[in-house]
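Please look at the strands of the model below.

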Amino acid sequence: MFEVPSKTLENGVKMPYLGLGVYKMTDREEALQAITKALEVGYRSIDTAALYDNETEVGEAIRSSNIPREEIFVTTKVWNKDQGYDNTLRAFETSLKKLGLDYIDLYLIHWPVEDKFLDTYRAIERLYDEKLIRVPGVSNHHQHHLEKIFAKANVKPMVDQIELHPYLSQKSLLNFCKENGVAVTAWGPLGRGQMLDDETIVRLANKYNKTAAQVILRWHYQNDIITIPKSVTPSRIEENINIFDFELSFEDIHSMDALNKDYRTGQDPDHFHFDF
Ligand code: NDP
């Protein structure tokens, strides 16, 4: 059976370079169907969050796949209103119950809530010490957030999940993460579909006889970035994993790197507002 290549994280744990993102899959049947399809075609990593309200379905689809638990890499996240030390421990318990699992592979701070994210991370370190999570991590953290955590933590976050795609290449944060042993996962790796008709990307898709989405996902992979594209469409779920049988040339990677416009589809971690 085909296996997605994995990135070895700072503590030796292996995380697949490509997984299924499940944001906005709130329809129960749609979520079950998409996750089941993904597991059938070889995905072994699922990215959910307490916010997405589908941890129950993620757990259910994993169990009914009959794939051994240790072969699947499960990521979930503590939502903003649940941050702080005690609240995070409670939120983790809830996520674990909903997922029906006895450990989580990667647990992330969803956004760096000011005055809270350091305490949230302390709780994540405790969960790591207690072996309830295999990897401690964060999401939407800029360099200055990471530096504040590094100054206090015994164990550094091993993953930062950030918005990243050809129009937002995040070069300086990527370099900082690389220097500090923090693996980067791209959320919105396809730019939420907004750059699939970009002229350069379409030209490369034609050149390699692949789709625009496959070219983008391959660009991430060759840049050592983990991706978690979301789709509920069976053909796209299959399309998105079929990126390990071709290679973009050095020049083509460069022409994609040059598409950066510092354009965000989501909020900036320094100025985010969520009222829920
Ligand atoms: P993506 O960049 O993954 O884009 C998803 C969109 O692209 C959907 O509309 C999907 O449509 C469409 N799509 C998927 N594959 C293809 C394809 N091959 N061809 C054409 N269109 C395609 O955006 P997301 O925002 O969903 O990000 C991915 C994951 O990242 C999320 O699901 C979530 O797990 C995570 N995330 C994390 C955040 C954070 O704050 N940490 C924030 C946002 C996302 P359809 O489903 O209809 O097929």
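## The sheet

Strands E3 and E4 (residues 45-47) run parallel and are joined by two bridges. Strands here are DSSP runs of at least two residues, helices (H or I) are runs of at least four, and both are numbered from the N terminus. Two strands count as paired if DSSP finds at least two bridges between them. Leu20 has Ile46 in E4 as its bridge partner.

The open sheet has eight strands, in the order E3-E4-E5-E6-E7-E8-E9-E10, with parallel pairing. Its edge strands, E3 (20-21) and E10, each pair on one side only. In general, strands of a sheet pair through backbone hydrogen bonds, either parallel or antiparallel.

## Source and numbering

This is a predicted model, in which local features need pLDDT of at least 70, side-chain atom pairs count only at pLDDT 80 or more, and totals for chains, interfaces and linings use all residues. Residues are numbered from 1 along each chain as its sequence is written, and side-chain values use heavy atoms, leaving out hydrogens and water.

## Strand E8

Strand E7 (residues 133-139) pairs with E8 in the parallel sense over three bridges. Ser139 has Gln161 in E8 as its bridge partner. Five of the five residues of E8 (residues 159-163) are buried. Buried means under 20% relative accessible area, exposed over 50%, and partly exposed in between (1.4 Å probe, protein chains only).

## A loop residue

Glu10 lies in the loop between strand E1 (6-8) and strand E2 (14-16). Glu10 counts as exposed because its relative accessibility is 58%. The C-alpha atoms of Glu10 and Pro68 are 24 Å apart, and 58 residues separate the two along the chain.
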